[in-house]
Amino acid sequence: MGLEILVCIKQVPHPDHFSEIRLDVGSGRIIREGIPAIINPLDRNALEEGLRVKERFSGRVTVISMGPPQAQKALEEALAMGADRSILLCDMAFAGADTLATADALFYAIRKLGKFDLIYCGNETVDSGTAQVGPQLAELLGIPQVSGVQEVTFGDEKTLEVKRVLEHGYMKVRLKLPALLCVTRDINRPRLPTVQSIMEVAQKEMIIWKAKDIGAPPESVGLKGSPTCAAGVYEYKTGRRREIIQGSTEEKVHRTVARLKELGAI
Amino acid sequence: MGMLLVLEAENCECLSENRLQNKLTEVKMDLNLSREHELLRDMVKEFANSELAPRALELDNKGEFFWEQVKRSGQLGLIGVINSKEYGGMAMGHLARMILIEEISRVYPPMGFFHQTGNLLMYAIETFGNDQQKKKYLPALCKGDKVSAFALTEASGGSDPSNMQTEATLKGDSYVVNGRKSWITGVDPADVVGFVAKTGDKFSAFIVEKGTPGFEVTRREETIGLRSLPVNEFALTNCRLPKGNLIGEEGRGLVCALTTIATIGRTGAAGVALGIARGCYEIALKFAKERVLYGKPIAALQAIQFMLADMNVEIEAAKWLCYSTAWQLDQGKTSRDLAVDIARCKLYAVDVANRCAYKAVDIMGAYGLSPEYRVIGLLRDALELGVAAGSQEIMKVTIGATITR
Amino acid sequence: MSNSGEIWVIGEQRRGRLEEVSLELLSKGTALSQRMGVTLSSVLLGDEVEEIARELVFHGAEKVYLLEDARLRYYQSEAYARLLAEVIKEHEPQIILIGATEIGKELAPRVAAKLRTGLTAHCIDLYVGEVDGAPHLIHVVPGWGGNLVMHIICPRRRPQVVTVKPGVLPKAVRDENKKGKIIKVKPDVKDEDFRRIETVEVVEEPPKGKLLESADVVVCGGWGMNALGDFSRVQELAGILGGVVAGTRPAMDKGWVDEARMIGQSGKTVKPGLFVSLGASGAMHYTTGFMGSKVVLAVDQNPQAPIFQVADVGIVGDLREVIPCLIEELKKDRMPKKF
């Protein structure tokens, strides 16, 4: 059958190092330098799903990411897991994008790639966590989409049934390909690369595209293409009492219980 | 005339600048690991953290081994990482092997040590064996379907191999072997074992398969460290082995064994040591940042900082000593050329592992001595490395004898 | 900023039950509409949900655009997105508030992309403020590194769309005397809307046991519980206080709590009378999850941990000593727990 499968991934700061992240107070951007980066965890689930579909039905898995040059490392990890080729959208013109401008960049790249059957995305990233790019990309491509996907069942070759999470239950949705699915961690357990697949990375196609390569109009991508923008970083006044209780452990605990009673908390 | 002189002078200046520039551009030393090595490290780290770490403490305390994880390691391609592709290996090289052993040992040294001992016979067969032997044994060993061990040591002393008593006598088409080997890691579960025996006044290397009449694994030795990897004695009693079980030529057994032990055993032990050292350092550092005494983390105290600084320096030094040795092996140099490098990296890395483990136990106080935490186990494991693939003193003998030649 | 456009709250109903977040959005919507002097309206899609439309009016909606059709009984991805976008284009509201429920998180971006407009997710506050001298609706979202928040604006495109998680804003007050217009809009539902995607089954069960969101006391364990090896002490403390157990993302990754009990930006938001944080350093992504709590008690080993900035009472100490001691002290004490 040969399905063309696309997987969108993002390189994010390693969650173990989140406490080291600083915001640039001027621009509101995250300072990522020096912080170890990984493939967004849910994107690995998305890639795993794509690889399984390819193994089942034959086809090709292409991973795409919009990011700075160091995002190439995340794409290489994806290739090591088994993706067939990678595309990095890297250009100053893409910088400062909000989710719509990001979805636009991906849209133009995918349009350049041509026909596709399925797109997999992770439901959300661990850094910004908006869960918006997947649905927005699907809208721009004019294809059906489901978020929160926990299970996918293939009917005939053009139809899928997916189970998506709800707060206290689930929803089953039937879709026709081409479609975009945003997956959750329940859906599978991502594989580890093997030494074999690592050695095969060097043979794989690694493409880098700039805005003009994909014909992305400057007003659609990057900061220019972002309807929302940052307007500063501020300290949030929480109005908390911030009382640190002193003394030995016993004293601290005793005084704490007393204070909580005074505050009516217990 | 004047002009000519000026021109020449200018030419001279240009020339000397060029010469300088050429010199600078000739300095080639890229200390960056290749993309494949980085990907490998990341993968093994993930493997170790998600599949080895959860049971490491329990298995170590019980003295049980992770046989299912051996299979898994084979699936990932980690066991046959230096064997050739023709026989099921990955041909990725010694530096790759060192990195993967390091990352595994950071979390679970017995498994790292398994890669050390389990690779010995695989290398011996690949380097000295014939095509038939390679086809027969290597694919299953690379996959982790079968495991192996390699035996040189006897009661007469591992450091004194030429005094060994185990003897193989050619009778017709087969050898009859009699003797006992002791302190052999991994021989109990091994499906196939390599060993060296006296043949006349020389030595030869042989393969014996589990189940061969006359081959019996006997008592298990209690070890204080690497407790999940059984160490046993085994006996050969009128054990008949066909000529086809000879590895390489008769009489070349010591060359085979010593080359194997140097190239694979010592580098492997060094890798385990690197992993233990780093594991101890990371645990101690994390603990120091979290443990609060006198109102602040103990990491703020100079005494603790000094200990951590020492660990930091030594680990970095050991790392480069080991990596550069492995890299040289990958460039095609032999263990003979690299006798000093190999001995040096094993010697130093193991000493560093011991020092780091001791400091980590110290930093963690009572928690460091408790079997509920990893560090005391890592110290015990580091102690075992002293006698692995040749004792620390034998390393010094190798270095001292070579440099004073 | 646009002058007369309305503020809209997209109401969410599931099987005839109104989602609480819609009422929370109406309280903020009311405040904004009063501040800006514009009308607050609501939109509701479904089938036979006129009674819910009335609830929206009782909670502050001056108008409710009601789109009813048997085929819209359950959330349908393409139909809902298309119909919403059309009614928005027709009436041109300037601000749209959507609840960040599982459905809202999918619907909001699709609608925003259809309208090619801005969408800000997971706002923790909204207010009219000034940026470079001009009035803007400020979308406040959690920042990084302790107490910082980012202000986002949507300067050029309209409508500006924002989502807010359930439990962040207070609920609007119900008043049956409130008057409002329910405008029935006949939705132009097409077969084409269901050709490529169709919801075939919705299964929802009311949760068993105490709901995290309505608990009086929540005891939340973080990565620091590693020192104690497991979550048993968290459970013990919760038991004594009559509270519910929760965890941070690292605690969930470790398997100590499941995703339904994770507190934080991509998890649950809670507002209990007492929130106890054990061994969590206090990254903003976590602390936004309990900002609305009445009283916060934090315990951590690190005196520099940001959690102490957002706590009322803090204990710096070794968890291995403090927690057992705290449990003993509370056991000795009687345990009145109602607020």
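I opened a predicted model, where local features need pLDDT of at least 70, side-chain atom pairs count only at pLDDT 80 or more, and totals for chains, interfaces and linings use all residues. Residues are numbered from 1 along each chain as its sequence is written, while chains are lettered from A and ligands numbered from 1 in the order in which they are written.

**Domains of chain C**

Domain 1 of chain C puts 12 residues into the contact and domain 2 of chain C puts in 13. (Contact: C-beta atoms, placed from the backbone, lie within 7 Å.) On the domain 1 side I found six nonpolar residues, five polar and one charged. (Nonpolar: Ala, Val, Leu, Ile, Met, Phe, Trp, Tyr, Cys and Pro; charged: Asp, Glu, Lys and Arg; polar: the others, Gly among them.)

**Chain C against chain A**

Next I checked the contact between the chains: 74 residues from chain C and 65 residues from chain A. Elements of chain C giving two or more residues include α3 (77-91), β13 (197-204) and α9 (319-332). (Helices are DSSP runs of H or I, at least four residues; strands are E runs, at least two; both are numbered from the N terminus.) β13(C) gives the largest share, eight residues. The chain C side holds 37 nonpolar, 18 polar and 19 charged residues.

**Strand pairing**

Which strand of chain A is joined to β13(C)? I found β11 (residues 169-176) of chain A, antiparallel to β13(C), with seven bridges. (Pairing: DSSP finds at least two bridges between two strands.) I noted one pair: A:Gly169 bridges to C:Glu204 in β13(C).

Note on methods. Contact = placed C-beta atoms within 7 Å.
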